[in-house]
Amino acid sequence: MRTELDNLVPEPAAPSAVAIDWPRLLLAGSILARSDQRIDQEAALRIATAAISLTDDQALKDAGAVLLGKLSNYRAITLANDRHLLTAGLDRTARCGAAP
């Protein structure tokens, strides 16, 4: 769209993308999931969802699903499984609370 408008000031260069430390972020999500505060649980949910949808590493996707299990969000695990984003059978493991 910017190319179609002639009188716009060019944007400054965007900062370089920062690599996400997924293991540390998932650990933080696991800690947040134990909280009884809604805001903490919502943050953990966003972390779990991002791990499943934004990473290419299957182990990180599966860890995100386990985090969803800690949050008792079994419907999201089922949907991710239906979309073939998780390791087969992980939904049963996440429901039991065991690590894959």
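Buried here means under 20% relative accessible area. By that cut-off, buried residues make up 31% of the 100 residues in this chain. The model is a predicted one.

**Whole chain**

Start with a cartoon view. The chain has five helices and zero strands. Follow the sequence and the pattern reads α-α-α-α-α. The accessible surface comes to about 7,200 Å². Carbon and sulfur atoms hold 56% of that area. Then consider the contacts in the chain with a separation of 6 or more: 45% of them join residues 24 or more positions apart.

**Helix α1**

Select residues 22-33, which form helix α1.

Which residues of α1 are buried? Show Trp22, Leu26, Gly29, Ser30 and Ala33. They cover an arc of only 100° around the axis, so they sit on the same side of α1. An α-helix has 3.6 residues a turn, so residues three or four places apart point the same way.

The buried residues of α1 pack against both α2 and α3.

**Leu26**

Pick Leu26, one of the buried residues of α1. What does Leu26 touch, leaving out residues up to four places away in sequence? Its partners are Ile47, Ala51, Leu60, Ala63, Gly64 and Leu67.

**Ala33**

Move along to Ala33, also in helix α1. Ala33 has a relative accessible area of 12%, so this residue counts as buried. Show its contacts, again without residues up to four places away in sequence: Gln41, Ala44, Leu67, Lys70 and Leu71.

Then label Leu68. Leu68 and Ala33 are 35 residues apart along the chain, yet their C-alpha atoms are separated by 8.8 Å.

**The nonpolar core**

Hide the surface and show side chains. The largest nonpolar core has 16 residues. Which of its members touch the most other members? Select Trp22, Leu26, Ile52, Leu67, Leu68 and Leu86. Color by element of secondary structure: α1, α2, α3 and α4 each give two or more residues to this core. Among the contributors, α2 gives the most, with six residues. In soluble globular proteins, nonpolar side chains tend to be buried together.

**Two loop residues with positive phi**

Go to Ser72, in the loop between α3 and α4 (74-82). Its phi is near 60°, a positive value in a residue other than glycine. Is Ser72 buried, partly exposed or exposed? Its relative accessibility is 48%, so Ser72 counts as partly exposed.

Finish at His84, in the loop between α4 and α5 (90-96). Phi of His84 is also positive, near 60°, and His84 is not a glycine. Check the cover around the side chain. His84 is exposed, because its relative accessible area is 70% and the cut-off for exposed is over 50%.

Key
Residues numbered from 1 in each chain as written. Predicted model: local features only at pLDDT ≥ 70, side-chain atom pairs only at ≥ 80, totals over all residues. Heavy atoms only, no water. Helix = DSSP H or I, 4+ residues; strand = E, 2+ residues; numbered from the N terminus. Expected span 1.5 Å × (residues − 1). Buried < 20%, exposed > 50% of the residue type's maximum accessible area, 1.4 Å probe, protein only. Arc of directions from axis to C-beta. Contact = heavy atoms within 4.5 Å. Areas by Shrake-Rupley, 256 points an atom, 1.4 Å probe, with all protein chains shown as cover. Core = buried A, V, L, I, M, F, W, Y, C linked by side-chain atoms within 4.5 Å.
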